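Good morning, and thank you for joining. Today I shall speak about aromatic rings and their neighbours; please look at the structure first.

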Amino acid sequence: IGDPRRQASCDHKLVTLLRQRIFGLALGYEDVDDHDSLRHDGALQAACGRLAELGSSSTVGRLERRADRETAFAIHRVFVDQFIASFDAPPDELILDFDATDDPVHGRQEGRFFHGYYDHYCFLPLYVTCGDQLLVSYLRPSNIDAAKHAWAILSLLVKRLRQQWPQVRIIFRADSGFCRWRMLRWCEDHDVHYIVGIAKNSRLLESASSLMRVAHERFEHSGQKQRSFRRVWYQAGTWDRQREVIIKAEHSTRGANPRFVVTNIEGDAQQLYDKLYCARGEMENRIKEQMQLFADRTSCHRWWPNQFRLLLASAAYVLVNAIRDIGLKGTEMARAQVATIRLKLFKIGAVIVRNTRRIRFHLASSYPYQMLFAKAVAAIDSG
């Protein structure tokens, strides 16, 4: 990240300011104003590698206001490079999950628009994850198609990942908001597999009618939820050609619930739907964790500082997720969410004693997670 300041006059290095802000988010301090008191915290000073006062809220705020397009691109490059470095051996398959969410705004920020579906003024950030690892958090205005720029981001990710692993199998997975035939055609032309939801319409419902009738009859007979699956060829009026669609015909106490998924992946329809497509729901937990790290604190007036705040929250997620993957692997908190890890492992009391030779942390002997804490520290230290 570029730093236009005159370095000889700077009391706070850029890397220290970034650590201060990212660590603060991970610890639950959402606002820049919090750093007027946090700057005196001995634990945070030690974590940031500084033995004096950290940056004030004004200093940290100026860091955010300097953000621009190049800053956002540079941080995203770090996310992808960190993701690649997390593999000891080339992976056989990568599933890229795309999803958008609403980010409510409460002022007159640049890029704010009213969104009819969410029924409030908001931004519409796009997230891309692979498993529990975050690759993209891209802020967008909400007056756009939910799939806006997703194609370009997918293209950049595929090129970068195949530059590192030429033989890796890549699957694009998303809900019906990303079902755009040009994007599907790009996947077909570049050997990218896809499994994407597709919205209901009269033709698809007609194709599913016989299957739905059977599911309804079986439900009436048994009283238990019934599901049936089938693959059919389908072409919307605007599409360039036919594509295969998986039909899920379901009937339960709540009534009929047909669903449709378009895919170019071979295999059993039910297995693809249950094991592959439905696993997409796990990404919603990753987005919830972004909110636990205050990704929705996009209250700056200008656009790029808000994008920077979104990326700072994502950087805090990358950090906590690394602690979870390395330090908590094989423990009872291996699948714990960010807020739980913060409450049980980060937000604990200590007395800090510092002299010219060492910094000593005195932790409470009655702390209930001390064995887990010690194990996590040892694993991170060795990892």
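Which residues form one aromatic cluster? Phe83, Phe87 and Trp165 do.

A word on the basis: this is a predicted model, in which local features need pLDDT of at least 70 and side-chain atom pairs count only at pLDDT 80 or more, while totals for chains, interfaces and linings use all residues. Residues are numbered from 1 along each chain as its sequence is written, and side-chain values use heavy atoms, with hydrogens and water left out.

Rings of Phe, Tyr and Trp (its six-membered ring) pair if their centres lie within 6.5 Å; planes under 30 degrees apart count as stacked, over 60 as edge-to-face and the rest as tilted. By this rule there are 13 aromatic pairs. One of them is tilted, because the rings of Tyr273 and Tyr277 have centres 5.7 Å apart and planes at 40°. Both residues belong to helix H10 (residues 269–277), four residues apart, about one turn of the helix; helices are DSSP runs of H or I, at least four residues, numbered from the N terminus.

Buried means under 20% relative accessible area, exposed over 50%, and partly exposed in between (1.4 Å probe, protein chains only). Tyr273, at 5%, is therefore buried, and Tyr277 is buried at 11%.

Tyr367 and Tyr369 make an edge-to-face pair, 6.2 Å centre to centre with 65° between the planes. Here Tyr367 is buried at 11%, whereas Tyr369 is partly exposed at 27%.

Finally, charges: one sits over a ring if NZ of Lys or CZ of Arg is within 6 Å of the ring centre and within 35 degrees of the ring normal. The charged end of Arg112 lies over the ring of Tyr121, 4.0 Å from its centre.

Methods:
Helix = DSSP H or I, 4+ residues; strand = E, 2+ residues; numbered from the N terminus.
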